[in-house]
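Hi,

Here is the structure I promised to pass along. Have a look at it first, and my notes follow below.

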Amino acid sequence: MIQFDKVNKWYGSYQALVEVSEQIAEGEVVVVCGPSGSGKSTLIRTLNRLEPIQGGRILIKGEDIHRKGLDVNEFRSHIGFVFQQFNLFPHLSVLDNCTLAPMRLRGLSREQARERAHALLQRVGLAHKADALPAQLSGGQQQRVAIARALAMQPPLMLFDEPTSALDPEMVGEVLLVMRDLAAEGMTMVCVSHEMGFAAEVADRVLFMDQGRVLERATPQDFFNRPQHPRAQQFLADIRSPFAHQLENG
């Protein structure tokens, strides 16, 4: 479904993505992990044209998504994207956040859009908050609304850019639960995440990035139990014993 072909990305003189070549199959759940600054968020943002690339190609369902002349808004309407910071419209109710795009971009009637939105809010456990404003919700609830809003467009692909990193720890589980359900239903998902438990449980594959390169690609079992690349071994050692590592480094 997704093909990265020798993708390069620079910010000025800094190369954020280095010759990335990767394939992601339909129905696959891929978790991208790595240290800060490794290029993982840049990688996922190239998939819906939030970031341009300077070399290589990215194909989604065979279409070159960075080609000149692509209708970017039409293209983006078929990809669900869930950000760190929710990005809900603050002046719209939860229900209106979920009906706006299907009505404007898909031509659904108000009644059809509301019916779909109610079903999705039910699915993420927030049907009772349909009339609330985002400011009246917890962070975990806002992120679940953001997922429902993305699903309202019925995208074949969902992208998650560190969807739990802005949440208080007790709210992380409720968002991961919704993502688990999506994965179980066969949604194609690419998730940048620090949640290694989620990766171990839900991912079909883990991609490990550092300094703009994919250094390791493996099943969760292999990645967590038998990491091959020294940088991946170090990363896993650090997250398993952060305090020990801090003590060692004074």
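What is the mean pLDDT of the chain, and what percentage of its residues reach 70 or more? The mean is 92, and 96% of the residues get to 70 or more (pLDDT is the predictor's confidence in each residue, from 0 to 100). Over residues 244-250, though, the pLDDT is below 50, and beyond near neighbours in sequence this stretch has 2 contacts in the model (a contact means heavy atoms within 4.5 Å).

Some housekeeping: this is a predicted model, so to speak of local features I need pLDDT of at least 70, side-chain atom pairs count only at pLDDT 80 or more, and totals for chains, interfaces and linings use all residues. Residues are numbered from 1 along each chain as its sequence is written, and side-chain values use heavy atoms, with hydrogens and water left out.

Now the sheet. It is open, with 6 strands in the order 6-7-8-3-9-10 and mixed pairing (strands are DSSP runs of E, at least two residues, and helices are runs of H or I, at least four, both numbered from the N terminus; two strands pair if DSSP finds at least two bridges between them). Strand 6 (79-82) and strand 10 (213-218) are at the edges with a single partner strand each, so one side of each has no neighbour in the sheet. Strand 3 (residues 29-33) pairs with strand 9 (residues 205-210) in the parallel sense over 4 bridges, and there valine 31 stands opposite valine 206.

Helix 9 (residues 230-240) packs on the sheet, where it touches strand 3, strand 9 and strand 10, and its direction makes about 100° with that of strand 9 (axes are lines fitted to C-alpha atoms, for helices over the stretch in contact, with angles from 0 to 180 degrees between N-to-C directions).

On to the cores (sets of buried Ala, Val, Leu, Ile, Met, Phe, Trp, Tyr and Cys joined through side-chain atoms within 4.5 Å; buried is under 20% relative accessible area, exposed over 50%, partly exposed in between, with a 1.4 Å probe and protein chains only). The largest has 51 residues, and Phe223 is among those touching the most other members. Helix 6 (residues 169-184) gives the largest share, 8 residues. A second, separate core of 27 residues includes Ile60 and Ile79.

Isoleucine 60 sits in strand 4 (residues 55-60) and is buried, at 10% relative accessible area. Leaving aside neighbours within four places in sequence, its contacts include Met1, Phe75 and Leu157.

Cheers
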